[in-house]
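Good morning, everyone. Please have the sequence and the 3D view open while I talk. I'll start with the RNA and then walk through the protein.

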Amino acid sequence: MRMYTSEITPEMDGKVVKLFGWVHEVRDHGGLIFLVLRDREGFAQITLPKKVVSKEVFNTARSLKRESVVAVEGKVKAEPKAPNGFEIIPDIITLLNEAEAPLPLEVTEKVPAELDTRLDYRFMDLRRPKVQAIFRIRHQVMQSVREFLSKEGFIEVNTPKIVSTATEGGTELFPISYFEKEAFLNQSPQLYKQVLMGAGFEKVFEIGPIFRAEEHNTTRHLNEAISIDIEMSFTDHEGVMGVLERLIAKICEDINQKCSKYLDLLGIKLEIPELPLPRITYEEALKMAKSKGEEIPWGEDLSLQALKAIGEEINGYYFIVDWPTDAKPFYVMPHENRPEISKSFDLMHSWLELASGAQRIHRYDVLVNRIKAKGLQPESFGFYLDAFRYGMPPHAGWGLGAERLLMSLLDLKNIREAVLFPRDRQRLVP
RNA sequence: GCCCGGGUGGUGUAGUCCGGCCCAACAUGUGGGCCUGUCGAGCCCACGCCCCGGGUUCAAAUCCCGGCCCGGGCGCCA
């Protein structure tokens with residue numbers, strides 16, 4: 001029966017096991033060969049003393065090329081000199097598929113490769129345990145999101161990614177052809193999740209792709225990203241901020257608990273944030289930035305420099321709340337006593353924006369006026385606006401960028417590292 | 001889109017400032033050889049590279065122009 005390398009222990013001395021995997025390295029000492037087999041769980045040393053193993057097996061091992069796929073059947077031997085305290089003395093080595101040489105990059109990490117080269121040969125790059133660790137953790141993040149939100153009473157939904165109009169203006173969309181009509185790839189599930197509040201679901205979440213046709217060229221933007229979105233009825237911005245901060249804490253706990261092996265591999269120490277997370281207002285943020293020499297006029301978005309200045313002051317996760325109404329999309333709810341600021345928030349990690357959300361306007365006439373005030377056409381929001389005419393509850397929600405969350409958790413320098421096959425301004429393949 | 005810095009064996013770098021000592025160096029790799037305890041194995045031999053297109057010059061990896069691509073920063077954006 002097949003076993004993973006991680007399942008073998010020195011106590012299994014004498015037991016016959018079968019391993020499948022890749023030839024990570026072959027160290028040929030003449031009369032003794034060490035073959036390092038790698039599978040998705042780790043490594044195992046296959047040891048071939050010339051006088052012990054068959055001539056055939058010995059010669060096979062000697063001729064193996066790195067990264068070839070093999071099956072190894074042999075006896076476990078407890079051996080203090082071997083990594084992890086055991087080695088396998090093989091009876092059979094089957095070459096399942098030979099790899100070509102030379103390799104497009106080093107899986108062994110002896111020689112570094114640039115991110116661009118790594119992405120060109122991503123399948124090979126992903127074989128590196130450290131790279132795989134990122135995606136094991138990403139998997140756990142998604143698991144935790146689903147588990148946590150489900151427990152909180154949210155149901156998972158899927159909304160269309162091919163849409164007829166822009167969601168909220170602002171960003172550029174990718175046009176596509178939809179039979180005889182023009183259509184776009186959706187930039188956000190915003191309008192649909194709000195409509196689902198009108199449908200009476202009360203609590204929904206979606207994990208899905210969003211597409212932005214912005215020609216940005218940075219280490220923190222993608223043209224295709226995964227957004228974790230929630231929308232919740234009969235609550236306000238404070239209510240959904242609570243959900244968000246509890247989710248972040250839960251993710252950190254789960255990762256610490258279930259992915260310690262991968263965190264160690266990446267050299268990451270994850271601190272579980274204390275709740276509630278700090279909240280600063282937009283106006284306080286302006287002051288903090290100004291005290292560090294970054295002056296931003298009221299009403300404008302915070303520049304990266306300003307955010308970096310603030311990030312130096314506040315460690316870890318925090319909220320910036322009460323953004324100028326005009327700096328946010330048309331659907332955000334203004335404060336009753338000060339309509340120039342809104343019931344909106346961004347979740348930050350140091351200088352990086354991870355999520356943004358708000359209480360939404362739920363009154364039809366107010367919403368139509370806001371759309372007009374933003375210079376948009378109410379007619380192009382027909383299906384959306386209809387939902388507000390026949391009993392739309394008060395509601396709030398947020399969208400959280402999955403890749404940015406990964407960046408903040410794992411201290412990744414480039415957002416592309418958090419995606420298997422990233423899409424950016426230049427990259428459409430692989 | 002803008003500004004800066006880059007593009008040299010499969011991979012990662014040195015060399016470019018100040019053209020010739022560069023038929024290009026180092027590491028890793030690949031092929032072969034030696035070697036029974038490696039774990040970045042070691043030692044010996046060999047193989048393999050100047051992004052594309054123009055220009056200047058007796059002479060270009062090196063200088064100039066254009067293009068494409070990459071990195072960092074900015075902008076846009078989340």
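Predicted model: local features only at pLDDT ≥ 70, side-chain atom pairs only at ≥ 80, totals over all residues.

Now look at the RNA side. Of the atoms of RNA strand B that come within 4 Å of the protein, sugar and phosphate account for 55%.

What kinds of residues make up that surface near RNA strand B? By class, 19 are charged, 13 are nonpolar and 12 are polar.

Let's pick out some single contacts. Take Leu 222 first. One of its polar backbone atoms is 2.3 Å from a base nitrogen of RNA strand B. Next, Asn 217. Here a backbone N or O atom lies 3.2 Å from a base oxygen of RNA strand B. Then Arg 404. This time a polar side-chain atom is involved, and it lies 3.5 Å from a sugar or linking oxygen of RNA strand B.

Which elements give two or more residues to this surface? They are β2, residues 16-28, β3, residues 32-39, and α2, residues 115-120. Strand β2 gives the largest share, with three residues.

Stay with β2 for a moment. Glu 25 sits in that strand. Is Glu 25 buried or exposed? Its relative accessibility is 17%, so Glu 25 counts as buried. The cut-off for buried is under 20%. Its side chain has partners, too. A polar contact of 3.2 Å joins it to the side chain of Arg 27. Another, of 3.1 Å, joins the side chain of Glu 25 to that of Lys 110.

Now step back to the whole chain. Chain A is divided into domain 1, residues 5-97, and domain 2, residues 129-278 plus 314-418. How far apart are the C-alpha centres of the two domains? They lie 48 Å apart.

On to a helix. Find α6, residues 237-258. It has 22 residues, and at 1.5 Å a residue it should span 32 Å. The C-alpha atoms at its ends are 31 Å apart, which agrees. What caps the N-terminal end of α6? Asp 236 does: a side-chain oxygen of Asp 236 lies 3.1 Å from the backbone nitrogen of Glu 238.

Phe 234 is in the loop between β12, residues 224-233, and α6. Phi of Phe 234 is near 55°, a positive value in a residue other than glycine. Phe 234 has 57% relative accessibility, so it counts as exposed.

Glu 202 is partly exposed, with a relative accessible area of 39%.

Next, the strands. Start at β15, residues 344-349. Five of its six residues are buried, so this strand is mostly covered. β15 runs antiparallel to β14, residues 317-321, and five bridges join them. Tyr 317 stands opposite His 349 there. β15 is also antiparallel to β16, residues 352-359, with six bridges. On that side, His 349 stands opposite Leu 352. β15 and β16 form a hairpin with two residues between them. One residue in the turn, Ser 350, has a positive phi of about 55°.

There is also an open sheet of three strands. Its order is β8-β10-β9, and the pairing is antiparallel. Which strands are at the edges? They are β8, residues 162-163, and β9, residues 175-178, each pairing on one side only. Two bridges join β8 to β10, residues 181-185. One partner pair is Val 163 with Phe 184 in β10.

Last stop: cis peptide bonds. One joins Ala 101 and Pro 102, with omega about -5°. Pro 102 is in the loop between β6, residues 86-97, and α2. Another cis bond runs from Val 429 to Pro 430, with omega near -5°. Pro 430 lies in the segment after α12, residues 402-410.

Key
Residues numbered from 1 in each chain as written. Chains lettered and ligands numbered in written order. Heavy atoms only, no water. Near = heavy atom within 4 Å. Polar contact = N/O pair within 3.5 Å; in protein donor to acceptor, adjacent residues only side chain to side chain. Helix = DSSP H or I, 4+ residues; strand = E, 2+ residues; numbered from the N terminus. Nonpolar A, V, L, I, M, F, W, Y, C, P; charged D, E, K, R; others polar. Expected span 1.5 Å × (residues − 1). Buried < 20%, exposed > 50% of the residue type's maximum accessible area, 1.4 Å probe, protein only. Pairing = 2+ DSSP bridges. Domains from an automatic or database assignment.
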